[in-house]
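User: I would like to go through the terms used for this structure, and to see for each one how the value is set against its cut-off.

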Amino acid sequence: MRGYRKQYMAFPLKSKYTTPLLHGIIWCGIMVLPFIIRSPDGNVFPPAFTLIANIIHLGLFYFNALYLFPKLMNRKWWWLYIISAFVLIASIFQIKSLLLRLLAPPEVVVLEYTNALIGSPIILFFIVSIIYRIVADRINYEKRLKEREAEQLSTELKFLRSQISPHFLFNVLNNMVSMARHKSDRLEPSLIRLAGLMRYMLYESEARKVPLAHEIDYLKSYIELQKMRFEDHVKVTTDIDYEDHSETIEPMLLIPFVENAFKHGVTWVDQPFIHIELHVKKAALHFSVKNKFSMDEELSKDKDSGIGLANIQTRLQLLYPGKYKLTINNSDGIFYTHLILPLT
């Protein structure tokens, strides 16, 4: 038998005043309803009895829902709960019977169905309080489960973002050291690009969503720094067509594809090239990366090889389950990835 911890609940409505107001309206209706319901022979319970009886029912409902059921209905104390429930119901029945004898005229007290009229509401409110408690616990459990899932998702996404390799930063810095030694005119713009890139990585990427334009600017800066690093050794071409600035995207989502191309498409390859395309069509992002690939590289892969694409596939599944299309193809020495992603 499943245990229930004691916990005061509230329906998951937006306003904290909604639940008390809803309860108040329901109980007001319950208080008024018996005054307009007559017994089969036309007799009516005295108003004072009806009012006091409903107050007792109210106490029974909340005592069982908020204390007795969650405290005793578990593997260890379920038998005590059953005993307590019988004692509680019997005690309230006796109290209501005494009140009726004190407040009602004799012809009402001696009706053959009086005991049924006294006992039925007690049983009804007791059963409803159990249902209320079970439903409330279920709602709270699902709410806590969703909160934990959201927290785990956030933690996992942050971890996956942190896995993006920083190796190229060190390579770019080494390249800048070389520029500084040769007093190259490209050093200053390179530093500006690197500063913007690192600012994006450290600050803007913490947001759940960022403007697509910012992600594209980051991508362009990354590509330019890589061009500066490899100079004429790698042919890098881009076809990026985007003018709108309203769409948003998960930050650092596109860079692993490009990073993977630079990591695996420039070594062990004759006349390496990397081609990057980005277009937005009908509220969907079309992003593709194509690069040369040498099978000889399989012999030189380290333990971190493949982390980038595995990372991005995990993030896509977490963020856009069933909403994206990712094509990865490796044939005739060409490695090709194509992502179609809905935008908001």
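User: Which residues form a nonpolar patch on the surface, and what accessible area do they have together?

Analyst: This is a predicted model, in which local features need pLDDT of at least 70 and side-chain atom pairs count only at pLDDT 80 or more, while totals for chains, interfaces and linings use all residues. Residues are numbered from 1 along each chain as its sequence is written, and side-chain values use heavy atoms, with hydrogens and water left out. The patch is formed by W77, W78, W79, I82, I83, F86 and V87, with about 710 Å² of accessible area together. Areas come from the Shrake-Rupley method with a 1.4 Å probe, and for residues only the protein chains shown count as cover.

User: Why is W77 called partly exposed?

Analyst: Buried means under 20% relative accessible area and exposed over 50%, with partly exposed in between (1.4 Å probe, protein chains only). W77 has a relative accessible area of 34%, so the residue is partly exposed. W77 is found in the loop between α2 (47–72) and α3 (78–103), where helices (H or I, at least four residues) and strands (E, at least two) are DSSP runs numbered from the N terminus.

User: Why does I334 count as partly exposed, and with which residues is I334 in contact?

Analyst: I334, in strand β7 (residues 334–342), has 24% relative accessibility and therefore counts as partly exposed. Leaving aside neighbours within four places in sequence, I334 is in contact (heavy atoms within 4.5 Å) with F273, K290, N291, K292 and N329. The C-alpha atoms of I334 and F273, which are 61 residues apart along the chain, are separated by 9.8 Å.

User: How many aromatic pairs are found, and what makes the pair of Y200 and Y218 stacked?

Analyst: A search of the whole structure finds 14 aromatic pairs. Y200 and Y218 form one that is stacked, at 4.8 Å centre to centre and 20° between the planes. Rings of Phe, Tyr and Trp (its six-membered ring) pair if their centres lie within 6.5 Å, and planes under 30 degrees apart count as stacked, over 60 as edge-to-face and the rest as tilted. The pair links helix α7 (residues 187–202), which holds Y200, with helix α8 (residues 212–230), which holds Y218. Both Y200 and Y218 are buried.

Key: Patches are made of residues with over 30% relative accessible area and no salt bridge: like charges are joined within 9 Å, nonpolar side chains (Val, Leu, Ile, Met, Phe, Trp, Tyr) within 5 Å. A salt bridge is a side-chain nitrogen of Lys or Arg within 4 Å of a carboxyl oxygen of Asp or Glu.
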